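The tour below goes from one selection to the next.

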Amino acid sequence: MTRVMPLLSLILLFLPAQATLTVGSVSAAPGTLASGSLDVPARAGDTGTTIPITVINGMSPGPVLALVAGTHGMEYVPIIALQRLRATIDPKTLRGAIVMVHVANMPSFLGRTIYYSPADGKNLNRVFPGKADGTLSERIAEVITREVIARATHVVDLHCGDGNESLRPYSYWITSGDPKVADAGKAMALAFGLDHIVVDGGRPTDPAASIYLSNTAITRGKPALTTETGGMAIVDESSIKLVQTGVTGLLRHLGMRKDGPPAVAAPVWIEPSEVLRAGVTGIFYPAVERGQVVKKGAPIGRVTDFHGQTVERLVAPFDGEVLYVIGTPPITKGEPVAMIGARKQ
């Protein structure tokens, strides 16, 4: 009697074999998960650092999705979300692979600093694609570009409001560069599911001066997304869930898993948007809250000197919504105080 091979076994028999995926010194065979670190060796003036990563390699070929958390060290929500996601993704049922960067900016994370690394005073998300012989932040960027972005087909830079930013959730859809890459990025933004999407057409198009992590992927022909959830260094369950749900939606959209939520049906498209920056150093007093709708000319906040005298007032540049506002008193000249976005007409 002839035995009939189950349909699934027949399908698997004729699928091309998935290869072992190696990122730095971390290798994951098909159907396995491997963890380790990318090393950034010490140079004169610093002690170097490590970048903890997890490689989840599926059983069959597919997209390679890079998920990067901790580009800014006090943006804790995505870091914790990836810890949870790591435990819920089964490589044996995954198509393609996932590379998780758990903490991109370890000096800032351990130093509890906003924006800037305590090692060199630089903002990691302003020095991409990095320099192999540069400062520590520049070397971190170079390693992520070479080891993570180079191996990925799709990239998500997972942010949240930094330790001083009160923020409502939104994502950035970057439209500069190749229209096909931009279209794929739009689909990723919809699949991630955040209901506010900022349309950003002002990013650089030179791969050698990409500046931002997600833009580094885009300038290399790879769709990418930047997301923002949570803020003020608060690790709250609702913000963590937004990241978990968003990643699950992306996995479904990319065909890497069958389950996952549908794409957001009717997002609020934000264009234009503007970051308001302080013209002086002092103490900031916000006049608005995150998510608040404001009219052009409405007060956003004021800056006083250290004797209580108001030295600057900031107002809304147009009718819009407060996407984030600084929620702590210290403010330095040139730093952001708020971001205002208008609904696209």
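Where is Ser117 found? Select it in this predicted model: Ser117 lies in the loop between α3 (106-111) and α4 (136-149). Its relative accessible area is 4%, so Ser117 is buried. Setting aside neighbours within four places in sequence, the residues in contact with Ser117 are Asn105, Pro107, Lys122 and Ser137.

Now turn to the aromatic rings, where the count is four aromatic pairs. One of them is Tyr76 with Phe109, an edge-to-face pair at 5.9 Å centre to centre with 85 degrees between the planes. Tyr76 is in helix α2 (residues 76-86) and Phe109 in helix α3, 33 residues apart, and the pair links these distant parts of the chain. Tyr76 counts as buried at 15% relative accessibility, whereas Phe109 counts as partly exposed at 26%.

Select Trp173 and Trp269 for another edge-to-face pair, 5.6 Å centre to centre and 65 degrees between the planes. This pair links strand β9 (residues 170-174), which holds Trp173, to strand β12 (residues 268-277), which holds Trp269.

Next, select Arg203. Its charged end sits over the ring of Tyr172, 5.5 Å from the ring centre. Arg203 also lies over the face of Tyr212, at 4.0 Å from the ring centre.

Finish at the open antiparallel sheet, with four strands in the order β16-β15-β13-β18. Strands β16 (310-315) and β18 (330-331) are at the edges with a single partner strand each, so one side of each has no neighbour in the sheet. Five antiparallel bridges pair β15 (residues 299-304) with β16; Arg302 has Arg313 in β16 as its bridge partner.

Conventions
Residues are numbered from 1 along each chain as its sequence is written. This is a predicted model: local features need pLDDT of at least 70, side-chain atom pairs count only at pLDDT 80 or more; totals for chains, interfaces and linings use all residues. Side-chain values use heavy atoms; hydrogens and water are left out. Two strands pair if DSSP finds at least two bridges between them. Helices (H or I, at least four residues) and strands (E, at least two) are DSSP runs, numbered from the N terminus. Buried means under 20% relative accessible area, exposed over 50%, partly exposed in between (1.4 Å probe, protein chains only). Contact means heavy atoms within 4.5 Å. Rings of Phe, Tyr and Trp (its six-membered ring) pair if their centres lie within 6.5 Å; planes under 30 degrees apart count as stacked, over 60 as edge-to-face and the rest as tilted. A charge sits over a ring if NZ of Lys or CZ of Arg is within 6 Å of the ring centre and within 35 degrees of the ring normal.
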